[in-house]
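Hello,

Here is the structure I promised to pass on to you. Have a look at it first, and then read my notes below.

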Amino acid sequence: MILDNKLNNLLDIDQLTKNDILYIFEFAEKLSLILNGPVKKVPVLRGKTIINYFSEPSTRTRVSFENAGKILSADVINVSSSGSSDEKGESFINAVQTLESIGADILIIRHSDSGAPYFVSRNIQIPVINAGDGSHAHPTQTLIDLYTVYKSIGEIEGLNLTILGDNIHSRVSRSAVLGFSTLGAKVTFCSPTTMNANFLSDNISKEDIDNYPAVIYTSNLKDALSESDLIMTLRTQFERKASLVFPNINEYTRLFKLSNESLKYAPDKAKILHPGPMNLGVEIDGYLSESERSLINQQVMNSVAIRMALLIILIGEHTLDSI
Ligand code: CP
């Protein structure tokens, strides 16, 4: 099995075909053997330097990329805006070109501006992975979510995914709709109308819109959950002023929080996803994240294998057969 397209960067999930996604899963599956073995260290990326450049907060993405790189024996350097020359007014382009000149083999970029990793990839020669850009895209999170469902349920074709909550600010939901549709799932967005903007048409060119998958939009939680196989709740992004688009938090949680009560609308088999970090009691009740219907811990656990696979594909010498 090989990739349909040579991958030089990973900026969003629409670069990947179904075959590409399944190839990455197969790679991750093999790498899981290392993660579950007695010595979590292989010399696959020895001599390579990975720089995590994060100008927005992160726990899961930054640490799992760091762990993935270290398990593969790469040198990993973390840079954040705070404490870097960003604070002295250095331009973003100078910053990333400096990191390339210092010897990075790949940049993993999280940035508050949508499109920032695209801009970087046009201005440096080394690969770039988008680790989340503004409200735009989070392709590695989508690969993790798809892989988690694939491992838990198997075939994704024909599943109904409901993405519940702060869709308007969510880079996770933008990438998820592309990734889950590529593997044949049907996607429904459910939010208050003010959070359920038809962002696909708001954010892409008219020429591209016909290529985007069909999505159902609803503000009716009962309708949205009634045929769900998968329910992905989203973090309410207060830092992006989410609280301005609903009257008050109590009303929001009463109508849209995933709880035992609201889950009664969903089939018993429906599984719960959340990309994290969670606002417990706002978009989801804490006990549900620990319940047997939850795949949330598996999402986090699978993040290292998926990110290891991407690092090898982008800067390693190994193929799936030689790993
Ligand atoms: N899901 C996700 O991107 O989490 P972090 O912000 O903790 O990286």
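Between them, domain 1 and domain 2 bury about 2,400 Å², and 62% of that is on carbon and sulfur atoms. Buried area here is the accessible area (1.4 Å probe) that two parts lose on being put together, summed over both. In domain 1, the residues that lose the most area to domain 2 are Ile13, Phe25 and His138, together 31% of what that side buries.

Before going on, please keep in mind that this is a predicted model: local features need pLDDT of at least 70 and side-chain atom pairs count only at pLDDT 80 or more, while totals for chains, interfaces and linings use all residues. Residues are numbered from 1 along each chain as its sequence is written, and side-chain values use heavy atoms, with hydrogens and water left out.

Where are the two domains? Domain 1 covers 13-138 + 303-322 and domain 2 covers 139-299; these bounds come from an automatic or database domain assignment. The contact (heavy atoms within 4.5 Å) takes 31 residues from domain 1 and 28 residues from domain 2. The C-alpha centres of the two domains lie 25 Å apart.

**What links them**

Three salt bridges are counted between domain 1 and domain 2. A salt bridge means a side-chain nitrogen of Lys or Arg within 4 Å of a carboxyl oxygen of Asp or Glu. Lys151 forms one with Glu29, where the closest N and O atoms are 3.8 Å apart.

Which helix gives the largest share of the side of domain 1 that touches domain 2? That is H1, with eight residues. H1 spans 18-35, and other elements giving two or more residues to this side include helix H2 (60-71) and helix H13 (296-315). Helices (H or I, at least four residues) and strands (E, at least two) are DSSP runs, numbered from the N terminus.

**Pairs from across the chain**

The whole structure holds eight salt bridges. In one of them, the side chains of Glu157 and Lys18 meet at 3.8 Å, N to O. Glu157 sits in the loop between H5 and strand S5 (160-164) and Lys18 in helix H1, 139 residues apart.

There are also seven aromatic pairs in the whole structure. Phe25 and Tyr147 make a tilted one, 5.3 Å centre to centre with 40° between the planes. Phe25 lies in helix H1 and Tyr147 in helix H5 (residues 139-152), so this pair ties together parts that are 122 residues apart in sequence. For such pairs, rings of Phe, Tyr and Trp (its six-membered ring) need centres within 6.5 Å; planes under 30 degrees apart count as stacked, over 60 as edge-to-face and the rest as tilted.

**Two backbone details**

Most residues other than glycine have a negative phi, and most peptide bonds are trans. The peptide bond from Gly276 to Pro277 is cis, with omega near -10°. Ser73 has a positive phi, near 70°, and lies in the loop between H2 and strand S2 (75-80).

Enjoy exploring!
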